[in-house]
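Please keep the sequence and the coordinates in view while reading.

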Amino acid sequence: MKAIHEVKQTVARPEKVLQFGEGNFLRAFVDWQIDIANEKSGFNGNVVLVQPLAGGMAAMINDQKGLYTTVLRGIQDGKQVCDMRVVTSVSRCLNAYEDFGSYIAYAASAELRFIVSNTTEAGISYAEGCKLDDEPPASFPAKVTQFLYRRYQAFKGDLSKGLVVIPCELIDRNGEKLYELVLKYSTEWQLEREFITWLEKACTFCCSLVDRVVPGYPRTEAEQLCEQLGYKDNLLDAAEIFHLWVIETKGNIEALKKEFPLEQAGLNVVWTNDMTFYRTRKVRILNGTHTMFVPAAFQFGLDTVEQSLKNETVYKFIKKGLFEEIIPSMDGDKDALTAYAADVLERFANPCIRHMLLDITLNSTSKFKTRDLPSVTGFIAKTGKTPRTLAFSLAALIAFYNGKDVKDRAMTGTRNGTPYLIKDDESVLRFFEDLYAKTACAKEIADAVLSNTEWWAEDLTKYTEFAQSVTEYLTVIREKGMTEALTAFVNA
């Protein structure tokens, strides 16, 4: 069977977008939308991907000349729908660790106008020791600072050469936080005041919210899908039909909408001056529910989101946490929030999407802080009671992180005697590895995690009843196993 690039044609266009991140989500979300905008609203621009870590997919993407197929499936108007599209909006993928010169040279491109990114929740963070002359710096914000400074130098501070930066990481106020860190590195590196002025006047940092479930490469179906398509595609990217991109800017909305004509292409894109409602609803209900149930469901013995929705015990757990704790913790119209939650559960149950639980567990500690901790504290503040489902969820997360042999941002845990990889920042993994090596006492383990202010920005042991519940559930999970523990919890 011929490869995709031997059957389909690449399309040469101006390279208008730099994208930090070459993974499944951005390719099935941003690059897919840009491809449609090229076709339907005259954007006429391609994307240059940058592999943000030393290990990644650059070689595979370049081998296919940037081409890949999105496989979008779901239920629309009560009917099962499948849409397969060859995305032609990716020009190439750069590996700054192997070819820094080509990467940094792109900063001087007159065609470049936008930067997008998805480096996970942990990506927009400060790392000490990054330097302007690193090739490249370790942290993502340092990379952005370095890249923008090289552009500022290349165009001698020309205000017309600023960029629009739209991060897609699922953290609150992602654009503002990235901008703050760019300023922090600029100060640390003692860059000239004129550069800071150029950042302020020429560049726009938008906050954004993304919403699409993207399981990625459909391993079990890949061969069958390629037979159907008539070509070999090692980058097949499966996702649900639904998509939403909310972009907040303090700048000229109409000008940006015209320059980046996604909405005009019929895409579900919302430009706004205030995305608070959209973000809170999505992060707390959709993402928060994912993070709440996945560690427990995986240890229960399940492998996919769909299996979890079909399992009576796990489904009870999901509904209990979502409708009895997450929604009551939130402000806003409860009927509207409940209706959105019902839609989310329908999306989770999509039979066309094989969303692996283990994939969702990536960086679960930072995800819990962003997605679920606000529901914990909000529920306590509003009701004066302990959100016990969320407490069980955190206990399950702690139990999930019991592993050894940290290497390449992963360590090995076991489920029913079968090894699995736990993936997170190395510092997080080593914390858990050292903790479990030091003690088997559930209370000591729970207290150490809950009191880690570096993770949570506060000491969670101050919520006494919540901390006691986490300890209680962790004890039961460790002594009786997840199946018995979760079953007893939902039936209590």
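**Cavities and sheet**

The largest cavity has a volume of about 40 Å³, where a cavity is a set of points, on a 1 Å grid over the protein atoms alone, at which a 1.4 Å probe fits but cannot get out, and a volume is the space filled by probe spheres set on the points, joined across faces, edges and corners. The model is predicted, with pLDDT of at least 70 needed for local features and 80 or more for side-chain atom pairs, while totals for chains, interfaces and linings use all residues. Residues are numbered from 1 along each chain as its sequence is written, and side-chain values use heavy atoms, leaving out hydrogens and water.

The lining of the largest cavity, meaning residues with an atom within 4 Å of a point, consists of Val213, His290, Val305, Arg347, Phe348, Ile353 and His355. The second largest cavity holds about 30 Å³ of space and is lined by Thr291, Val294, Pro295, Ile360, Thr361 and Ser364; helix α10 (residues 276-300) gives the largest share of this lining, 3 residues, helices being DSSP runs of H or I with at least four residues and strands runs of E with at least two, numbered from the N terminus.

Elsewhere, 6 strands form an open sheet with parallel pairing, in the order β5-β2-β1-β6-β7-β8, two strands being paired if DSSP finds at least two bridges between them. Because β5 (90-95) and β8 (204-205) stand at the edges with a single partner strand each, one side of each is left without a neighbour in the sheet. Strand β1 (residues 15-20) runs parallel to strand β6 (residues 114-117) and is joined to it by 4 bridges, with Val116 in β6 as the bridge partner of Gln19.

Note on methods. 1 Å grid on protein atoms, 1.4 Å probe; cavity = no way out; pocket = protein on both sides within 12 Å on 5 of 7 lines; lining within 4 Å.
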